[in-house]
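I set out to record what could be looked up in this structure, beginning with a single residue and then turning to the whole chain. The entries follow in the order in which I made them.

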Amino acid sequence: MAILAVALVAGIAFSDLPEEMRRAAGIAPERALAPLHRAGVAALGALPALAMLYLLREMARLFGRYAAGETLTEACARHILRIGAGLLVAVALELVTRPLQIMLASLANPPGERVLTISLEGADLGQVLAGGLMVVIGWAMREAAVVAEENRGFI
């Protein structure tokens, strides 16, 4: 996790704008962005990655519980629910930050040539479905954990 966080910060500090974003923002290939401007665009794009770091942490905690022999419990259900919610938040952040990144990048253009682009990709829909499915599985797992706990009380 620490390596991923360092890589994220390094990407913000040292990366250049991808060619696809330059095209979407209408930035001429020869136009260079100021380092702070470029870092601001990259930092805005890093917000969904923060949600993904949260997802990885929740997955590690869930798998740690599984490794300890804990399977059908309320705690495992909470982790699964958080994974689904985190996926949905990551998609929402991606949908919001992508247009804002392009708009911020296009501020390098002269007035009248600035751009705001909104897009929805198939991968976004797939992530929404996966996140929704994880939330439903988390809810079902929580109910199953309650039933399992009741059954353990009878024995």
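Entry 1. I looked up Ser-106 in this predicted model and found its relative accessibility to be 1%. Buried means under 20% relative accessible area, so Ser-106 counts as buried.

Entry 2. I then located Ser-106 in the chain: this residue lies in the loop between α5 (74-105) and α6 (122-154).

Entry 3. I checked the surroundings of Ser-106. Its side chain reaches the backbone oxygen of Met-103 at 2.9 Å. Leaving aside residues up to four places away in sequence, I noted that Ser-106 touches Ala-25, Arg-114 and Val-115.

Entry 4. I turned to the chain and listed its secondary structure, which comes to six helices and zero strands. Along the sequence I read the pattern α-α-α-α-α-α.

Entry 5. I looked up the dimensions. The C-alpha atoms fill a box of roughly 75 × 30 × 15 Å along the principal axes. The radius of gyration is 21 Å, whereas a compact globule of 155 residues would have one near 15 Å.

Entry 6. I recorded that buried residues make up 29% of the 155 residues in the chain. The accessible surface comes to about 9,300 Å², and carbon and sulfur atoms account for 71% of this surface.

Entry 7. I examined contacts between residues at least 6 apart in sequence, and 77% of these join residues at least 24 apart.

Entry 8. Lastly, I noted the charges: the chain has 13 positive and 14 negative side chains. The centres of the two sets lie 5 Å apart.

Key: Residues numbered from 1 in each chain as written. Predicted model: local features only at pLDDT ≥ 70, side-chain atom pairs only at ≥ 80, totals over all residues. Heavy atoms only, no water. Helix = DSSP H or I, 4+ residues; strand = E, 2+ residues; numbered from the N terminus. Rg over C-alpha atoms; globule rule 2.2 N^0.38 Å. Buried < 20%, exposed > 50% of the residue type's maximum accessible area, 1.4 Å probe, protein only. Contact = heavy atoms within 4.5 Å. Areas by Shrake-Rupley, 256 points an atom, 1.4 Å probe, with all protein chains shown as cover. Lys, Arg positive; Asp, Glu negative; His and termini not counted. Charge placed at Lys NZ, Arg CZ, Asp CG, Glu CD. Polar contact = N/O pair within 3.5 Å; in protein donor to acceptor, adjacent residues only side chain to side chain.
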